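Subject: A structure for you to explore

Hi there,

Here is the structure I promised to pass on to you. Please open it and keep it beside you while you read my notes.

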Amino acid sequence: MAKEREKKLFVGILGNYASELKLLLTTLLLLCAVATFLQFIPSRFTISVEQDKILENGIIKRAFNPYGSAAYNFITMGAYRGGLNTFAIIGLASKPLHLYSKPTYECQWLSSSPPHTPITTVGYKILPDWGYGRVYTVVIVNCTFSTPVNAGNTGGKLVLRASTSGGGDTNFNITDTIDVLNESPNSLDLSVFTSPPKYDYFYCGSSLYGNLNPQRVREWIAYHVKFFGPKSHFVIHDAGGVHEQVLEVLKPWMELGYVTLQNIRDQERFDGYYHNQFMVVNDCLHRYKFMAKWMFFFDVDEYIYVPPKSTIKSVLDSLSEYSQFTIEQMPMSSKICLSSDYGKTYRKWGFEKLVYKDSKKGIRRDRKYAVQPRSLYATGVHMSQNLAGKTTHKTEGKIMYYHYHGTIAEKRESCKMLVNSTQLTYEKTPYVLDTTMRDIAGVIKKFELKMIGSRLQKNRQ
């Protein structure tokens, strides 16, 4: 009886193994067949190998066999509606492809409800990085359809067809089809395009990278929240610079709703100009353009200032006829401080102790800028060249920015030279004493204490 049971068990085990073995062999056979089939399909990455040939006339015809892909055709960061019938797609593309060839873009809208016939338009490309790109350049694709899409709020998706048009290999027109934006039914809020914006003043920051000084970041955000007021918002882009100590000084303002922090570290994979800052600011522009009346572009070692008896509101109201204005720079020494601060510089904030302004005349200095974002198609780092409306540079005396170059990455004491003079020449550069920012430091410190308490009071350099 026991032997009979063992025999049945043995037969059952063999049966199970046989069925599993059959399944395994079938799977392997299928995989081999697929692998064999794929060898005969040309792709952008693998082309069948050709050999050198001797032609009938005795000439040797050399073969050229491509492998791999030097750069991606298109890398998306974001896609955003600009109205009932228009969209902007923000991304990177191969710079040589755009420099030496003529890649094209086609936009399609596929509705979720019948009829499902695609609506198609030509994508208009904008290259906003002034030729600064490296392996990759920034591309903004504008998709404007002849009629509103998803007007019934039934949902659909935007598809980008990016074609190389023979760039890279004239034998092939490689087209990548990319789903860039999906709208689920009843998710589209059309009122955003006509309603007053949520914020009066909006900051779009460039890529933050490197070993930043958290104290300088602390000072910068406290100053600008006070300067721009309660209807302001700041978008910070972390390209590797927001380490734990920097996050600690931003966190209180994030909790109060003033700051949005975006982790963009993955863009470092793609070799573009200066941590892909042109792509980053364009994404910020289009992502938030209907949330802001005015949008500012400047760096975290720069402080916007308007003279006494003016306010940021009164200045911008006087510039409301312009879609864009640029801002004059006040370059400050990052090393020279007052001798009266001897022994207590470590307790002073950066803009409080660095009080000597570069007074060199007759040179062109970089400017930063602000825009009414609904008028822009694309933007840059120092100004936009793709906008509807007027630009003015005549803002001297109305609005300026104090620039403390290099201090944001300096963790040691900034003051390298203490002087007691209203003017001097240092390293062949003339400087004059300017205590404008120093004089308001106390007000900013009290404001920070009122807003977030004493949680950052132990911060130093």
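To start: how many bridges join S16 to strand S19, and do they run parallel or antiparallel? S16 and S19 (residues 368-371) are joined by four bridges and run antiparallel. Across this pairing, Ile 327 stands opposite Lys 368 of S19. Do keep in mind that you are looking at a predicted model.

With S23, S16 forms four bridges, and here the two strands run parallel. Look for Pro 331, whose bridge partner in S23 is His 403. Strand S22 (residues 391-392) also pairs with S16 in the parallel sense, over two bridges. In that pairing, Gln 324 has Thr 391 of S22 as its bridge partner.

Is S16 mostly covered or open? Mostly covered: of its eight residues, seven are buried.

Now for the largest pocket, which holds about 730 Å³ of space. Its lining is made up of 29 residues, and those nearest its centre are Tyr 209, Tyr 274, Asp 299, Asp 301 and His 405. By type, the lining has 15 nonpolar, eight polar and six charged residues.

Which element gives the largest share? That is S11, with four residues.

Enjoy exploring, and write back with any questions!

Best wishes

Note on methods:
Residues are numbered from 1 along each chain as its sequence is written. This is a predicted model: local features need pLDDT of at least 70, side-chain atom pairs count only at pLDDT 80 or more; totals for chains, interfaces and linings use all residues. Side-chain values use heavy atoms; hydrogens and water are left out. On a 1 Å grid over the protein atoms alone, a cavity is a set of points where a 1.4 Å probe fits but cannot get out, and a pocket is an open set with protein on both sides within 12 Å along at least five of seven lines; lining residues have an atom within 4 Å of a point. Grid points are joined across faces, edges and corners, and a volume is the space filled by probe spheres set on the points. Ala, Val, Leu, Ile, Met, Phe, Trp, Tyr, Cys and Pro count as nonpolar, Asp, Glu, Lys and Arg as charged, and the others, Gly among them, as polar. Buried means under 20% relative accessible area, exposed over 50%, partly exposed in between (1.4 Å probe, protein chains only). Two strands pair if DSSP finds at least two bridges between them.
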